[in-house]
Amino acid sequence: MNHDYEKQLEAEIERHFRDLPELPAPACLVSQVMMELDRRAALPWYRQSWERWPMAARLSLVLVLAAIFGAVCYGSWELIHGRTFAALSQQMTGWFSPVTALWNAVSALVNALGLVIKKLGTGFIVGSLAALALGYGMCVGLGTVYIRLGMARR
Amino acid sequence: MTDAEQFEAFMRNYQNMVFSTAMRLVANEAEAQDIAQEVFLKAYERFGELKDSVTVGGWLRTVARNMSLNHLTRYRSRWSFFSEMFTGGGEEGERELEFAAPEDMEADIERADQHELVERALQKLPPAQRVPLVLYHLEGLRYEEIAAKLNVSLGKVKTDIFRGREALRKKLRSQLGEEVRTV
């Protein structure tokens with residue numbers, strides 16, 4: 001690229017862009033923003049952004065989160081030091097006994113799935129993953145072609 | 001004046017600037033309008049500090065620019081990758097830059113002034129050339145800043161801007177020449 005030519009070209013384009021006025025915004029822009037603000041203001045406080053929550057609600061949430069954090073820290077510390085681990089474990093077993101049966105069923109299913117995968121072999125799994133990737137690529141490609149055709153017609 | 005009225009007046013002052021920034025980058029009126037709306041909704045969240053700030057114009061411009069670039073990255077990167085594969089990349093720009101048929105353009109030129117021609121020629125540039133060109137000439141960013149913002153190499157930014165300028169000049173010269181002849 002010739003340096004003088006580049007400089008000359010830059011200056012010419014700069015001349016065209018200089019004093020280029022701002023484009024007029026659509027007439028409805030302001031009203032649309034105001035309508036959106038009204039809509040947001042009409043939402044209940046808990047669905048608005050955190051900054052707009054009432055002070056009492058913000059303080060309460062901070063306290064609740066601090067309490068949860070403290071409980072997690074205390075619980076972890078207790079577990080690590082194991083002083084109450086045995087008692088806690090026994091208690092937890094009692095609480096979660098109904099879940100144990102479900103857990104056993106899920107474990108059996110997972111084990112069966114593992115066995116099936118072992119039987120099928122690596123080639124089949126790699127082939128399936130490749131087919132999935134190919135399908136994904138085709139979806140993206142077809143979507144791209146569709147968008148390009150759609151835009152070209154505008 | 002209530003807060004709502006103040007904000008409305010604030011928007012009226014800056015709406016053209018915000019919309020222009022978005023429009024020149026995304027080259028689509030509906031998308032630029034959506035971006036401008038988001039910019040003002042963001043501004044409303046901080047209106048307390050913005051309304052008395054002397055740098056509010058710069059803040060709005062930066063937010064509009066970043067939102068436009070995010071928009072382009074989010075919605076166009078995937079299909080532009082494929083489109084470049086199909087059309088051979090850089091050549092696409094030359095093809096898309098072609099203006100409409102001469103008889104259509106004559107009617108357009110009659111009601112268009114030079115600024116409109118520049119705007120229209122700019123919007124017809126492919127994004128790969130238009131975006132760095134706008135960032136350089138209209139947003140005042142340096143090559144290095146543009147490369148960082150677009151996450152491309154410095155060499156690519158320079159090449160795209162050079163190609164964009166050449167394509168723009170070619171079209172503007174022919175269009176302005178046509179206009180002079182018709183007057």
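**Entry 1: chain A, secondary structure.** I counted six helices and zero strands in chain A, where helices (H or I, at least four residues) and strands (E, at least two) are DSSP runs numbered from the N terminus. Read along the sequence, the pattern of chain A is α-α-α-α-α-α.

**Entry 2: basis of the work.** I note that this is a predicted model, in which local features need pLDDT of at least 70 and side-chain atom pairs count only at pLDDT 80 or more, whereas totals for chains, interfaces and linings use all residues.

**Entry 3: burial in chain A.** I looked up how much of chain A is covered: 15% of its 154 residues count as buried. Buried means under 20% relative accessible area, exposed over 50%, and partly exposed in between (1.4 Å probe, protein chains only). I find that chain A exposes about 12100 Å², with 70% supplied by carbon and sulfur atoms; accessible areas come from the Shrake-Rupley method with a 1.4 Å probe, and for residues only the protein chains shown count as cover.

**Entry 4: the contact between the chains.** I recorded 40 residues from chain A and 48 residues from chain B in the contact, contact meaning heavy atoms within 4.5 Å. The size of an interface is often given as the accessible area lost when the parts come together. Here I read a buried area of about 4200 Å² between chain B and chain A, of which carbon and sulfur atoms give 66%; buried area is the accessible area (1.4 Å probe) that two parts lose on being put together, summed over both.

I then counted 10 residue pairs in polar contact between chain B and chain A, both residues at pLDDT 80 or more. A polar contact is a pair of N or O atoms within 3.5 Å; within protein, one must be able to donate a hydrogen and the other to accept it, and residues adjacent in sequence count only if both atoms are side-chain atoms. On the side of chain B that touches chain A, the largest share, 12 residues, comes from H1(B).

**Entry 5: salt bridges across the contact.** I found three salt bridges between chain B and chain A, a salt bridge being a side-chain nitrogen of Lys or Arg within 4 Å of a carboxyl oxygen of Asp or Glu. Over all chains, the count comes to 13. One salt bridge joins Arg169(B) and Glu12(A) at 3.1 Å, N to O. This pair runs from helix H10 of chain B to helix H1 (residues 3–17) of chain A. Arg169(B) counts as buried at 9% relative accessibility, and Glu12(A) counts as buried at 7%. Glu10(A) and Arg165(B) also meet in a salt bridge, at 3.8 Å, N to O.

**Entry 6: salt bridges within chain B.** I noted that Arg46(B) pairs with Glu49(B), the closest N and O atoms being 3.2 Å apart. Arg46(B) is partly exposed at 34%, whereas Glu49(B) counts as exposed at 52%. Glu144(B) and Arg142(B) meet in a salt bridge at 3.7 Å, N to O, and Glu144(B) counts as partly exposed at 46% relative accessibility.

**Entry 7: Glu36(A).** I located Glu36(A) in helix H2 (residues 29–41) of chain A. Glu36(A) is buried, with a relative accessible area of 15%. Leaving aside neighbours within four places in sequence, Glu36(A) is in contact with Gln37(B) and Leu41(B).

Notes. Residues numbered from 1 in each chain as written. Chains lettered and ligands numbered in written order. Heavy atoms only, no water.
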